[in-house]
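Subject: Structure handover

Hello,

Here is the structure for you to look over. My notes come after it.

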Amino acid sequence: MDFVAEAAAAAAGARDRAQLQRASVFELAAERAMRDLLRPALAAAAQAALGPAAIVRLAPPRLRRWLLARGSAAAAAAALAAALAALELHHLRRWGASFSETFYGLRRAPLRSSASTAPATASRRRQPRDLGAHQQQRDVDADPDRLTPAQLWGSLLYLALGPVVESSLQQAYDAAVAESTSLFADDDAGDRLGDGHDGGAPPHQQPPLSARLAGAARRWLVAVYPLVQAVVRAALLANQLAYMFGVVDFHSPEMALLGLRVRRMGPDDF
């Protein structure tokens, strides 16, 4: 009977610790807002410090030709990705969290870890850099809140490339919408003024295959991108509501894909 009472008390203490460590929706919203404000600031700082020409020179040879072909917009995207990667990699290795999460006293932890596990020492909480695979596995077993290499690099990939991909898609959508609007306006003007060809003029030539494929891609983007955005936002809202009511332990779908949750830092994390 004493064993059952001790087990029940330990389970109750674990639930209390888990509730105290659980990040609130307001903390996560403030962290997300700070992350959104950090991206343009980093992009402006990187461009001001290096400039597009320096970014192209510092890029690898295979990437340099692609940057030169696409101009300053690609250089700005590369600068943002490099700045985010350097900043987030440091914080993920040092604290197991992104820069904005660290600012609000939050950190990432695997979903499989539980609050009933005895806390590790502060030295074990810190992410090692140059360890072998077996040593890393032993550290993960000793500290269940330590990020695995797959979780660390997956988090870095999302934090560094996610904003760049999202911004590039939004810019491409805006350009496609503007071009579609101008084409519709030209067609309406042509219908009002006539075809504009005299009897001896050659007929209108069909555009090349590359131009037709680009036009089809723009039309597909204009048609599909708003639907994808609506589905993603609905999924985020549903996930946040489920997190708010304690149904799930992750606050976003990407955290579920990485097998991570966000919790408050404790004394053992410093």
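Below is what I found, taken from the overall make-up down to single residues.

One caution before the rest: this is a predicted model. Please read every value below as computed from that predicted model.

**Overall make-up**

The chain has 270 residues, and 31% of them are buried. Its secondary structure consists of eleven helices and two strands. In sequence order the pattern reads α-α-α-α-α-α-β-α-α-α-α-α-β. The accessible surface is about 16900 Å². Carbon and sulfur atoms account for 64% of that surface. I also looked at contacts between residues at least 6 apart in sequence. Of these, 71% join residues at least 24 apart.

**The largest pocket**

Which part of the chain gives the most to the lining of the largest pocket? It is H10, with ten residues. The pocket itself has a volume of about 620 Å³. It is lined by 22 residues, and those closest to its centre are Arg32, Glu166, Gln229, Val232 and Leu236. Four helices each supply at least two lining residues: H2 (25-49), H9 (149-193), H10 (209-244) and H11 (253-258). By class, the lining holds 14 nonpolar residues, six charged and two polar.

**Aromatic pairs**

How many aromatic pairs does the structure hold? There are two.

One is Phe103 with Tyr104. Their ring centres are 5.3 Å apart. The planes meet at 75°, which is over the 60 degree cut-off, so this pair is edge-to-face. Phe103 is exposed, at 54% relative accessible area. Tyr104 is partly exposed, at 34%.

The other is Tyr173 with Tyr225. Here the ring centres lie 5.0 Å apart. The planes are at 35°, so the pair counts as tilted. Why does this pair tie together separate parts of the sequence? Because Tyr173 lies in helix H9 and Tyr225 in helix H10, 52 residues apart in sequence. Are these two tyrosines buried or exposed? Tyr173 is buried, with a relative accessible area of 19%. That value is under the 20% limit, so Tyr173 falls in the buried class. Tyr225 is buried too, at 9%.

**Val262 and its contacts**

Val262 sits in strand S2, which covers residues 260-264. Val262 is buried, with 4% relative accessible area. What does Val262 touch, leaving aside residues up to four places away in sequence? The list is Ala23, Leu28, Glu101, Leu106, Arg107, Tyr243, His251 and Met255. Take Leu106 from that list. Val262 and Leu106 are 156 residues apart in sequence, yet their C-alpha atoms are 6.5 Å apart in space.

All distances here are C-alpha to C-alpha.

- Ser24 and Arg264: 240 residues apart in sequence, 9.1 Å apart in space. Ser24 is in the loop between helix H1 (2-21) and H2. Its relative accessibility is 23%, so Ser24 counts as partly exposed.
- Met244 and Ala23: 221 residues apart in sequence, 9.9 Å apart in space. Met244 belongs to helix H10. At 47% relative accessibility, Met244 is partly exposed.
- Ala235 and Pro253: 18 residues apart in sequence, 7.8 Å apart in space. Ala235 is also found in helix H10. Ala235 is partly exposed, at 35% relative accessible area.

**Where to start**

I would open the view on helix H10. H10 gives ten residues to the lining of the largest pocket. After that, turn to strand S2, where Val262 lies.

Best wishes

Technical notes
Residues are numbered from 1 along each chain as its sequence is written. This is a predicted model: local features need pLDDT of at least 70, side-chain atom pairs count only at pLDDT 80 or more; totals for chains, interfaces and linings use all residues. Side-chain values use heavy atoms; hydrogens and water are left out. Buried means under 20% relative accessible area, exposed over 50%, partly exposed in between (1.4 Å probe, protein chains only). Contact means heavy atoms within 4.5 Å. Accessible areas come from the Shrake-Rupley method with a 1.4 Å probe; for residues, only the protein chains shown count as cover. On a 1 Å grid over the protein atoms alone, a cavity is a set of points where a 1.4 Å probe fits but cannot get out, and a pocket is an open set with protein on both sides within 12 Å along at least five of seven lines; lining residues have an atom within 4 Å of a point. Grid points are joined across faces, edges and corners, and a volume is the space filled by probe spheres set on the points. Ala, Val, Leu, Ile, Met, Phe, Trp, Tyr, Cys and Pro count as nonpolar, Asp, Glu, Lys and Arg as charged, and the others, Gly among them, as polar. Rings of Phe, Tyr and Trp (its six-membered ring) pair if their centres lie within 6.5 Å; planes under 30 degrees apart count as stacked, over 60 as edge-to-face and the rest as tilted.
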